Amino acid sequence: MIAEWLNQLGRFQDDRGSTKLARIFYQFASKAAPDWSVPYYNLGLLTKYRSEWEQSREFNRRAVQLDLQDEAAWWNLGIAATALRDWPEARRAWKGFGIEIPDGTGELRIDLPQACVRLDPQGNGEVVWGKRLDPARMLILNVPLPESKHRYHDIVLHDGAQNGTRIRDGEEVPVFDELMLWEASDYSTFEVELTLPDKSTEEGLADHCNENGIGVEDWSTIRFICAECSRGNPGPHEHKPDQANGGQSSYGFGAKTQDQLLAVLADWADQFPGAEYAEPELVLGTGGLAQ
């Protein structure tokens, strides 16, 4: 029928990156067959990737009205509603998909397995670990590199399709692509050159930071891999510290203030002989990159 032909034209233009033409053909298809869910789903998908959340919510809402079995439309409705903080609709969408949701009407929090998120997937594509708050949001647990323009404890909205895996404790963990920054944290990112003479000094640093609510990351161990590997499973990696610099390493810290970080570093250095630290450099403040 003509609606199917118009929808196929829309998908062809969408695949070519001509989103304006794709949208026109999908809209024509929806008018030619107003009771067919597929063009509405495609419109919802297109507007999702353009972060046009109100429109994506409406298109996916219409798609599930026409086809209650359309799991992809239910999921994208949940993402759009979460982006808009429309918690009643988000809860309805996840239930429609088949996820068990706790009773309530406010912001949704679900205990889900840990996962990874790829920040700025069209750019540097840094992959970090996070705590999933619900099916579409993740709290960043690493200290991202400043180029990502993300911080420790940022909350990001992510897509539902797994795009690669990482290994932790012998098990594969999914990687999801970020869609947008959902809520910025009140942490800033600092870079500090450290001297750590042994493993116990490094472990002591981690303990001090954890006890004081500071994120810490050994940036000297970060691997830079190609996009194809990133979207697969690059496999386990053992990093051997570079001893050429006398045990010095570049660390990233997520702290609310420089004074807070300095107090923790001073206490750590007092307790571990040979531990040294340079003056922290602010590389990403709460309002953006350091000037």
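How many residues does helix H4 have, and how far does H4 reach from its first C-alpha to its last? Helix H4, covering residues 53-66, has 14 residues and reaches 20 Å, close to the 20 Å expected at 1.5 Å a residue. Please keep in mind as you look around that this is a predicted model.

**Helix H4**
- The buried residues of H4 are Trp53, Ser56, Arg57, Phe59, Asn60, Ala63 and Val64.
- Those buried residues pack against three helices, H2 (19-32), H3 (38-49) and H5 (71-83).
- They also pack against two strands, S4 (155-168) and S5 (171-183).

**Helix H5**
- With 13 residues, H5 reaches 19 Å between its first and last C-alpha, close to the expected 18 Å.
- H5 is mostly covered, as 11 of its 13 residues are buried.
- Among these buried residues are Trp74, Trp75, Asn76 and Thr82, along with Leu77, Gly78 and Ile79.
- Arg85 follows H5 and has a positive phi, near 60°.

**Helix H6**
- In H6 (residues 87-97), the buried set is Trp87, Glu89, Ala90, Arg91, Ala93 and Trp94.
- These buried H6 residues pack against H4 and H5, and against strands S2 (127-134), S3 (137-140) and S5.
- Just after H6 comes Gly98, where phi is positive at about 115°.

**Aromatic rings**
- The whole structure holds 5 aromatic pairs.
- One of them joins Trp75 and Phe97 in an edge-to-face arrangement, with 4.8 Å centre to centre and 75° between the planes.
- This pair links distant parts of the chain, since Trp75 belongs to helix H5 and Phe97 to helix H6, 22 residues apart.
- Why does Trp75 count as buried? Its relative accessibility is 15%, and buried means under 20%.
- Phe97 is partly exposed because its relative accessible area is 27%, between the 20% and 50% cut-offs.
- Trp75 and Phe97 also share one aromatic cluster with Trp94.

**Arginines over Trp182**
- Which residues lie over the ring of Trp182? Arg85 places its charged end over this ring, 3.7 Å from the centre.
- Arg137 lies over the face of Trp182 as well, at 4.6 Å from the ring centre.

**Nonpolar cores**
- The largest nonpolar core has 19 residues, and the members that touch the most others are Trp53, Ile79, Trp94, Leu108 and Leu157.
- H5, H6, S4 and S5 each supply at least two residues of this core.
- H5 gives the most, with 5 residues.
- A second, separate core has 17 residues, including Phe190, Val192, Leu194 and Phe253.
- Beyond its neighbours within four places in sequence, Trp94 is in contact with Trp75, Gly78, Ile79 and Thr82, and also with Ile99, Ile101, Leu108, Pro135 and Ala136.

**Gln13 in helix H1**
- Gln13 is found in helix H1, which covers residues 2-15.
- Is Gln13 buried or exposed? Gln13 is buried, as its relative accessible area is 9%, below the 20% cut-off.
- With neighbours within four places in sequence set aside, Gln13 is in contact with Ser18, Leu21, Ala22 and Phe25.

How values were computed:
Residues are numbered from 1 along each chain as its sequence is written. This is a predicted model: local features need pLDDT of at least 70, side-chain atom pairs count only at pLDDT 80 or more; totals for chains, interfaces and linings use all residues. Side-chain values use heavy atoms; hydrogens and water are left out. Helices (H or I, at least four residues) and strands (E, at least two) are DSSP runs, numbered from the N terminus. The expected span of a helix is 1.5 Å times one less than its number of residues. Buried means under 20% relative accessible area, exposed over 50%, partly exposed in between (1.4 Å probe, protein chains only). Contact means heavy atoms within 4.5 Å. Rings of Phe, Tyr and Trp (its six-membered ring) pair if their centres lie within 6.5 Å; planes under 30 degrees apart count as stacked, over 60 as edge-to-face and the rest as tilted. A charge sits over a ring if NZ of Lys or CZ of Arg is within 6 Å of the ring centre and within 35 degrees of the ring normal. A nonpolar core is a set of buried Ala, Val, Leu, Ile, Met, Phe, Trp, Tyr and Cys residues joined through side-chain atoms within 4.5 Å.
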